[in-house]
Amino acid sequence: MSAAAGRLFKRVRYHVSMGPGNFLFGLRRRVLGYRLRIAQTQSGAFAGHGLEIGGPSPIFSATGAMPVYPIAHRIDNVTFDCQTRWEGRVEAGETFVFDPGKSAGRQYIAEAADLSFAADEFYDFVISSHMLEHCANPIAALRQWMRVVKTGGALLLVLPHRDGTFDCRRPVTPLSHLIDDDLSNTPESDRTHFEEILSLHDFVRDPAQFSRREFQIWVENNLKNRGAHHHVFDARSAARLIDHLHWQIVAVELMRPHHICLLACKPAAQAPAENAAFLDPQAAYLRASPFASDRVQARHASSQEQTAARVA
Ligand SMILES: [Zn+2]
């Protein structure tokens, strides 16, 4: 089989594994475009000066589902290294081009959990897409992100949903594990999840199309390349994580093929977050999720509730 035929075969195999719903959504998005509901209702939260952790990200571009870049006055960026697989060579300084019509933002080279370059409450918002799963200690990172955002400022977090990624055979990481990582100050060199990653990675769902050997080398060198997904999320586990940090959740939207889009705001210290509606296992966003495991969880919670009501 030629290289081109091999790529085509893998692409077809990927789409078959993801199912017709995903293929049809992708087609519709290409033809008609697609915007999150929060793009219509909450875009005012992104008019000021923000910080993106990782990226730049297609989902935040003018043609993306949540176009933050055309709205923002300025966006700075932080990435872990001057050379990454995703962005190639990156220079620190006024080099972060997030929108061709605007002045570049400042590029920082730093860990996501070490934003010591920014004063408390400096930014109007923080955005991050498909980055937090690469953090060995996501709670420590989110705590830093909250520190640098103004009270009332926004967090827009996009995480991969396990059902739509190569993590689909891995279990969702319990919040208790993330709390343990926080309490143990787990460093980026952590290898706890490598065995699980290597044994359960679904190569059919991997767009990088690694061979098994290449993937093993990639994971083993994670401290340098940061490719591994330490932790695995579904919609409710993402909401529980944000609630644990005491962000006020504003909306959770789920988008094929694998996006959990979560908008939250930083409440005043004297106004604790009230997230019960998003933590409810039968919440509307779970019942209507495009991801099967969210719907199964919601149905299971509903049948448990009905059983308990009958027993009572
Ligand atoms: Zn961990």
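The model is predicted. Pro257 belongs to the loop between E9 and strand E10 (259-265). A further backbone feature is found at His130, a residue other than glycine whose phi is positive, near 55 degrees. His130 lies in the loop between E7 and H4.

E1 (residues 49-53) and E2 (residues 74-79) run parallel and are joined by five bridges. Within this pair, Gly50 is placed opposite Ile75 of E2.

The sheet as a whole is open and contains eight strands. Their order is E5-E6-E2-E1-E7-E8-E10-E9, and the pairing is mixed. Strand E5 (93-96) and strand E9 (248-255) form the edges. Each has a single partner strand, so one side of each is left without a neighbour in the sheet. On average, neighbouring strands are turned by 25 degrees against each other, direction ignored. Helix H4 (residues 138-148) packs on this sheet. H4 touches E1, strand E7 (123-129) and strand E8 (149-160). The direction of H4 makes about 145 degrees with that of E8.

The axes of H4 and helix H5 (residues 175-183) come within 7 Å. They cross at roughly 75 degrees. Angles from 65 to 115 degrees count as roughly perpendicular, and H4 and H5 are therefore roughly perpendicular to each other. On the H4 side, the contact is made by Pro138, Ile139 and Ala140. H5 contributes Leu178, Ile179, Asp181 and Asp182. By class, five residues of this contact are nonpolar and two are charged, with no polar residue.

At the level of the chain, two domains are assigned. Domain 1 covers residues 1-33, and domain 2 covers residues 35-307. Their centres, taken over C-alpha atoms, are separated by 25 Å. Nine residues from domain 1 and nine residues from domain 2 make the contact between them. On the side of domain 1 that touches domain 2, the elements giving two or more residues are helix H1 (3-18) and helix H2 (20-32). H1 supplies the largest share of this side, five residues. The residues on this side of domain 1 divide into three nonpolar, four polar and two charged.

Overall, the chain holds 12 helices and 10 strands. Its radius of gyration is 20 Å, close to the 20 Å that the globule rule gives for 312 residues. The chain is therefore as compact as a globular protein of that length. Along the principal axes, the C-alpha trace spans about 60 × 55 × 45 Å.

Terms used: Residues are numbered from 1 along each chain as its sequence is written. This is a predicted model: local features need pLDDT of at least 70, side-chain atom pairs count only at pLDDT 80 or more; totals for chains, interfaces and linings use all residues. Two strands pair if DSSP finds at least two bridges between them. Helices (H or I, at least four residues) and strands (E, at least two) are DSSP runs, numbered from the N terminus. Axes are lines fitted to C-alpha atoms, for helices over the stretch in contact, and angles run from 0 to 180 degrees between N-to-C directions. Two residues are in contact if their C-beta atoms, placed from the backbone, lie within 7 Å. Angles under 35 degrees count as roughly parallel, over 145 as roughly antiparallel, 65 to 115 as roughly perpendicular and the rest as oblique. Ala, Val, Leu, Ile, Met, Phe, Trp, Tyr, Cys and Pro count as nonpolar, Asp, Glu, Lys and Arg as charged, and the others, Gly among them, as polar. Domain bounds come from an automatic or database domain assignment. The radius of gyration is taken over C-alpha atoms; the globule rule is 2.2 Å times the number of residues to the power 0.38.
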